[in-house]
Amino acid sequence: MIHPDNIPPSTLKGNGFVAIQELSNGAPNWTKPALLIIYGDGHENIVRSIADVLGQPWELAASLAEIKAGFEGTIYGISNIFVGSQLQDWDGSRLAINAHCVDGGQALDENLTSRCAYEYLYTESPFFQRDIARFLGFVLGQISHHRDLTKKARTTQISTTFPDVHAALPNLDILSVGADVVELRVDLLKEPLPDGSFSRMPSLKYVGEQLMLLRQRTELPIIYTTRCTKENGRFPMDDPNLFYEYLSRAIKWGCEYIDVELWLPEDIRRRLAEHKGNSKIISAFHDFSGTFKWTSPEAQELFRRGAVYGDVVKMIAFVNSIQENYELEYFRSTIQSTFPHPPLAGVNMGPMGQLSRALNKVFTPITHPLLPMIAAPGQLSAAEINMALHSMGQMPKVDIYGIGSYRSTTQAIFFEKCFNELSLPHQFMFIERAPKGSIDAIIRRPNFGGAYINPPLAAASAPYLPSLTTAARTIGQVDVVTLRLEGGRTTFIGDNATWKGIRATLSRDFVPSAYSGQAALILASAEADAAAAIFALKSLGIGPIYTIGFKTHGPLSSEVDPVRSVEDVKRLQQPFVIISALPAEKSLLVVPLLKHYRVDGRSPGSLAGKVFVDLANGPRKGDPLVIAASSGWTAYGIADVSAWTTVETLRLLVGQNVPYDFVRLASGRGLF
Ligand SMILES: O=C1C[C@@](O)(C(=O)O)C[C@@H](O)[C@@H]1O
């Protein structure tokens, strides 16, 4: 492992406001962050929105002295007019975020930008609460895409080459099917000038707004790239400080990844590493000469240098022969056996290098037919890579099963669509199962490659699945079966994706710490119907859970208490989240509770942003979601949860990332 001598850990940013602790039972214990929000004149609403997303109370203040004397758990907002020069000697006791509304016509105050730890660019119309949740979740260290991606067997990055992100938006969902990360080629952006021409380089204002736009529309983490002219980009190389300026701003904007070219002076790369906060650095090296040698000592040295500041090291060379792919593979295996960290993304450019694009496993750059141009010679699409892998025996064709009731046949059609879109070789088969029928015979079929089961299987009824994930065992239900090859033997693993679907739904518009220590109320006719929801809530560090209609007995029962009477309801801690797992015909029973605990988040000091999830599936008389929304709840239905569950299921079964919005788009209204 390579350790830079003089680099402090990645939390250098100094946003030590959030203590991230994993409790012994695995549930996180998030501390409520202390924030100071600077808002533009007339845009104080953003303070309430941010507090909503955090599940914390808020106040507006007229001076920093007032804020310093205030409660730590309260989110304070101060107008950029009042704050003036006071920020100059801000003691950092709260993380300062400059919230700038780009559609208000107000100019950005660069002085404020430089004094704040982060800058949140947003639009009021349209307004995206989920974008705030994503930004805060990331900068506060509560969400780490990188941690999840490093666990994935293969990852890809789609290199967008649009001069203006607006052009990408209509097709973004389709473009990103199969991609794990999206790259914004900042150097390829073309900022129009009033005279109809384009500026030599996009201004920071233009770049910030383009980044904001992209982030509002994709759930994928973003790589922010300023590729220089020598490495097939357009960023001029005469002033390296320009790279510092653009890249350090990307860190302030909360970009998940920044691409830092290795030719940049050491001082610039070091300073970026020292201030990267939760952003990750991709150290990038490109050689277009056609003479680069993977077998040379120089190649090893380049990796070592990249590894000093890089969380990922990317090395890319133009090649002229197929032989050079074998040399790259040898280089890759040597590097991987010598340095467990950081991961190497190594590919060859040019038609002769395409083999390496199929073999590389870390952040493989991909293109898509809908992009205006390829970002580098020889780039392949996700579908082309899958076909190549299959033809080389690296992705054998298997049968993936959908096992379920008639109702889940539309889900089956969606799976087939995805397999086609990604050119996966697998065959999809749907099998109807009697409600309590065994699936033993199915998993023993010769070409079985995995299955989803909807409705799920009771874990206790499936002794033929000896290996269960912790989630499946604790929840007591299996909704996905995957295969693992161990020592030449195949093991079947029973997993549960539903809890992840529920958790993803809960985290869409609220950060994880919003749930910690808060009360939840769950309604169901039986424990089994609510188990995945309880597990999801516990994974977010929720406080007490109250149940109505059932009692818990198994491993989920700690800190879960049944509500017995109306008197009990009156005494309960106000729930931050209500989940109804009642059957469709009973789903209106939740309505009095939604009304009783109606949300009033408009006034300062009050705790807003409460969540209602209705898991009912099927025809019913009235819709509690409508009533919940009109009582101030942020409400989600089974379509949301099922779409997220499908995203998770696809990841588990075929290792491919398909965005939530694509699932919603491609499955129409009838998925569930
Ligand atoms: O670094 C890379 C890799 C790349 O050059 C390629 O070869 O696919 C494409 C670029 O957009 C990206 O920044």
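How far is an oxygen atom of the ligand from an N or O atom in the side chain of Glu183?

1. That distance is 2.5 Å in the model, between an oxygen atom of the ligand and an N or O atom in the side chain of Glu183. It counts as a polar contact, a term used here for a pair of N or O atoms within 3.5 Å. An oxygen atom of the ligand is likewise 3.0 Å from an N or O atom in the side chain of Arg185, and for the side chain of Lys314 the corresponding value is 2.9 Å. Taken alone, the ligand exposes 320 Å², of which the protein buries 99%, with accessible areas taken from the Shrake-Rupley method with a 1.4 Å probe.

2. On the basis of these values: this is a predicted model, in which local features need pLDDT of at least 70 and side-chain atom pairs count only at pLDDT 80 or more, whereas totals for chains, interfaces and linings use all residues. Residues are numbered from 1 along each chain as its sequence is written, and side-chain values use heavy atoms, with hydrogens and water left out.

3. The space taken by the ligand is the largest cavity, a cavity being a set of points, on a 1 Å grid over the protein atoms alone, where a 1.4 Å probe fits but cannot get out. Two or more residues of the shell around the ligand are given by each of β7 (181-185) and β11 (312-318), where strands are DSSP runs (E, at least two residues) and helices are runs of H or I with at least four.

4. Around the ligand there are 13 residues, of which Glu183, Arg227, Lys314, Arg357 and Gln379 come nearest; a residue is near if one of its heavy atoms lies within 4 Å. By class, this shell has five nonpolar, three polar and five charged residues, with Gly counted among the polar ones.

5. The model has 26 aromatic pairs, counted where ring centres of Phe, Tyr and Trp (its six-membered ring) lie within 6.5 Å, with planes under 30 degrees apart taken as stacked, over 60 as edge-to-face and the rest as tilted. Phe235 and Tyr246 form an edge-to-face pair, because their ring centres are 5.2 Å apart and their planes stand at 80°. The pair links distant parts of the chain, 11 residues apart, with Phe235 in the loop between β8 (222-225) and α9 (240-252) and Tyr246 in helix α9.

6. Some backbone geometry also deserves a look. A cis peptide bond, with omega about 0°, joins Ser125 and Pro126, and Pro126 is found in the loop between β5 (118-122) and α5 (129-139). Another cis peptide bond joins Asn454 and Pro455, where omega is about 0°, and Pro455 lies in strand β17 (residues 448-458).

Methods:
A polar contact is a pair of N or O atoms within 3.5 Å; within protein, one must be able to donate a hydrogen and the other to accept it, and residues adjacent in sequence count only if both atoms are side-chain atoms. On a 1 Å grid over the protein atoms alone, a cavity is a set of points where a 1.4 Å probe fits but cannot get out, and a pocket is an open set with protein on both sides within 12 Å along at least five of seven lines; lining residues have an atom within 4 Å of a point. A molecule sits in a cavity or pocket if more than half of its atoms lie within 2 Å of its grid points.
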